[in-house]
Amino acid sequence: MDTASRSVPGAQAISRAAQLLRLVTAAGETGASVGDLARDADLTRPTAHRLLSALRAEGLVDRDEPTGHWLPGPELYLMGSVAASRFDITSTARDIVRSLAVRTEESAFLSVRRGDETVCLVREDGSFPIRSFVLSEGVRFPLGVASAGLAILAFLPSSEVDAYLERHPELPEKWGASHSPTRLRGRIRDTQARGYAVNPGLIVEGSYGLGAAVFTRAGDPQWALSLTGVEFRFGGERLAELGRILLAHAHQLSTRIASR
């Protein structure tokens with residue numbers, strides 16, 4: 001718990017409610033059960049249910065009665081629509097994501113950095129019939145886990161990378177030994193050398209990902225374009241070709257953002 005949560009009356013309840021909102025939106029169209037939400041938020045089931053019920057009364061979440069799963073509510077959509085005018089780049093990027101999917105025949109994505117995570121904003125499926133479903137709109141991953149987050153992490157200042165790894169010692173326990181600081185730093189160096197990140201089936205075996213950072217006008221890696229697909233489609237010369245196409249699209253989007 002941070003200092004604000006200890007010193008500001010009601011801050012703890014707000015922090016817990018915000019965490020539940022993030023988890024509900026990350027669950028996507030199928031939603032999540034109160035048990036799963038309580039576990040992921042590190043709350044007791046009664047506390048999670050009480051907070052979710054309060055959020056439902058305000059229209060921020062909804063409950064699917066047949067399944068009992070919790071879903072984003074209508075008021076959340078309205079708030080997001082207003083905030084989109086300040087923060088959303090999906091309209092700027094959608095045709096580039098679609099072009100990436102068409103050119104590669106793989107599933108293409110746009111993700112945004114939000115604190116220590118990436119959140120998927122746009123998904124466009126390519127024409128290849130076998131697809132990876134690791135990523136979809138609203139899904140969150142810690143930086144360095146999925147290819148989009150690794151691409152962003154690799155182009156942050158080294159001091160920010162150090163601070164991030166210190167804040168998250170749980171990464172190898174939660175995501176596997178391949179996410180230890182030493183091995184993660186190795187993938188960061190590889191990403192810097194190539195210009196794009198490669199995730200060789202570290203989240204789901206056989207599901208590969210490539211990610212390239214997209215930069216603000218000031219040169220900060222705030223977004224990422226990525227591709228996912230099955231392992232046999234991401235080898236040898238084709239991997240290098242996919243990387244070149246991905247980097248070209250990421251550069252196009254960075255240029256477009258800088259000129260807005």
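Mentor: Leucine 239 sits in helix 11. The model is a predicted one. Beyond its neighbours within four places in sequence, leucine 239 is in contact with Tyr196, Leu210 and Phe234.

Now take helix 11 as a whole. Helix 11 covers residues 236–258, and helix 6 covers residues 90–104. Their axes come within 10 Å and cross at roughly 165°. An angle over 145 degrees counts as roughly antiparallel, so helix 6 is roughly antiparallel to helix 11. The crossing of these two helices is right-handed. On the helix 6 side, the contact uses Thr92, Ala93, Asp95, Ile96, Ser99, Leu100, Arg103 and Thr104. Helix 11 answers with Arg238, Leu242, Ile245, Leu246, His249, Gln252, Leu253 and Arg256. By class, the contact of helix 6 with helix 11 holds seven nonpolar, five polar and four charged residues.

Helix 2 spans residues 11–26 and helix 3 spans residues 34–41. They pack at an angle of about 125°, with their axes 10 Å apart. That angle makes helix 2 oblique to helix 3. Helix 2 passes helix 3 in a right-handed crossing. Gln19, Leu20, Leu23 and Val24 come from helix 2, and they meet Leu37, Asp40 and Ala41 of helix 3. The residues of this contact divide into five nonpolar, one polar and one charged.

Helix 3 also packs on helix 4, which runs over residues 45–57. Here the axes come within 9 Å and cross at roughly 105°. Angles of 65 to 115 degrees count as roughly perpendicular, so helix 3 is roughly perpendicular to helix 4. The contact of helix 3 with helix 4 has five nonpolar, two polar and one charged residues.

The structure holds two cavities of 30 Å³ or more. The largest cavity contains about 130 Å³ of space. Its lining has 18 residues. Val134, Ala146, Ser147, Ile203 and Thr228 lie nearest the centre of the largest cavity. Which elements supply at least two residues each of that lining? They are helix 7 (147–154), strand 7 (207–215) and strand 8 (221–230). Strand 7 gives the largest share, three residues. By class, the lining of the largest cavity has nine nonpolar residues, nine polar and no charged.

Note on methods
Residues numbered from 1 in each chain as written. Predicted model: local features only at pLDDT ≥ 70, side-chain atom pairs only at ≥ 80, totals over all residues. Heavy atoms only, no water. 1 Å grid on protein atoms, 1.4 Å probe; cavity = no way out; pocket = protein on both sides within 12 Å on 5 of 7 lines; lining within 4 Å. Points joined across faces, edges and corners; volume = space filled by probe spheres on them. Helix = DSSP H or I, 4+ residues; strand = E, 2+ residues; numbered from the N terminus. Nonpolar A, V, L, I, M, F, W, Y, C, P; charged D, E, K, R; others polar. Axes fitted to C-alpha atoms, helices over the stretch in contact; angles between N-to-C directions. Parallel < 35°, antiparallel > 145°, perpendicular 65-115°, else oblique. Left-handed = near helix turned anticlockwise from the far one by under 90°. Contact = heavy atoms within 4.5 Å.
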